[in-house]
Amino acid sequence: MASNRLLLAVPLIILFAGAALLVLNFTQTGEWFQRSIELRGGTLVSIKTDSQPDLAMIEEELSERFGKVIVRELRSFSGYGFTVQADAGTDVEELEAALDGLGVDTSDMSIETVGSSLGESFWQQAQLSIIVAFILMGIIVFIIFRTLIPSAAVILAAFSDIIVTLALMQVFSIEISLASFAALLMLIGYSIDTDILLTTRILRNTEGSLSERMRGAFKTGMTMTLTTLSVLAAVVITTTSPVLFSIASVLFLGLAVDIINTWLMNATIIRWYAEKRGL
């Protein structure tokens with residue numbers, strides 16, 4: 001019993017730490033997460049160059065002139081590049097002139113501008129979509145298992161996956177964007193796959209002992225997760241697309257977190273429930 005409590009404590013501590021990190025981010029910035037241009041409005045300038053510029057210097061100089069500006073490296077096999085994120089209302093021509101003054105070649109430059117009201121509309125819709133998806137997932141889980149504890153264990157694991165992944169996104173400076181929201185929606189589906197596999201193997205399969213059923217579920221579930229992680233790792237390493245990188249990196253973090261939540265949190269609860277029921 002003590003060992004079971006210890007196993008359950010690990011994912012719970014991680015969940016509380018993730019929630020605390022989000023609260024800390026909110027108290028410091030007024031936002032739970034870092035939002036991309038498309039979800040808060042603003043101007044995004046993408047520039048490709050022949051040589052690697054001094055991004056820290058560029059960010060410092062532009063921030064002094066245009067307010068808070070974020071400069072990030074742009075991944076590419078064809079050369080160097082970076083993006084400049086500025087608030088809505090920034091004069092693009094003045095920004096381009098400032099970059100020229102810093103010695104940046106702006107001949108290969110693209111500009112994306114999203115109004116603050118449109119960005120806020122996207123943000124509201126994105127939040128609604130993930131809330132509705134989570135609620136529908138919970139309803140389906142309760143319909144399938146029709147018992148409180150196993151269903152609650154699956155939902156708790158999925159909830160922890162989302163919260164901890166969002167916290168890790170802040171640690172690794174991955175912004176909430178439409179692409180990362182799509183990844184979070186996919187993560188809800190991925191996360192409950194192994195949880196449902198585990199719960200079904202333990203509660204509905206009476207062949208073999210409880211330990212044997214858990215080992216079988218673990219082998220199958222880890223094979224599914226590790227093969228997916230290997231594919232996502234390949235995408236993260238090789239892709240030059242910001243959209244693919246955002247989706248793959250968020251899913252990679254989420255599935256890594258799901259290993260802990262499924263096999264330390266959910267497995268411990270389901271094992272305790274099965275032992276109490278004599279299954």
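These legends describe close-up views of a predicted model. Local features need pLDDT of at least 70 and side-chain atom pairs count only at pLDDT 80 or more, while totals for chains, interfaces and linings use all residues. Residues are numbered from 1 along each chain as its sequence is written, and side-chain values use heavy atoms, without hydrogens and water.

**View 1. The four-stranded sheet.** The strands of this open sheet follow the order β2-β3-β1-β4, with antiparallel pairing. Strands are DSSP runs of E, at least two residues, and helices are runs of H or I, at least four residues, numbered from the N terminus. Pairing requires at least two DSSP bridges between two strands. β2 (70–73) and β4 (109–114) each have a single partner strand, so one side of each lacks a neighbour in the sheet.

**View 2. β2 beside β3.** Antiparallel β2 and β3 (residues 80–86) are joined by four bridges. Arg72 sits opposite Thr83 in β3. Helix α3 (residues 55–66) lies across β2 and β3, at about 165° to β2. Angles run from 0 to 180 degrees between N-to-C directions, and axes are lines fitted to C-alpha atoms, for helices over the stretch in contact.

**View 3. Helices α7 and α8.** The axes of α7 (residues 178–204) and α8 (residues 210–238) come within 9 Å and cross at roughly 160°. The two helices are therefore roughly antiparallel (over 145 degrees). Residues of α7 in contact with α8 include Tyr190, Asp193 and Leu197; α8 contributes Arg213, Met214 and Thr220, among others. Contact means heavy atoms within 4.5 Å.

How values were computed. Parallel < 35°, antiparallel > 145°, perpendicular 65-115°, else oblique.
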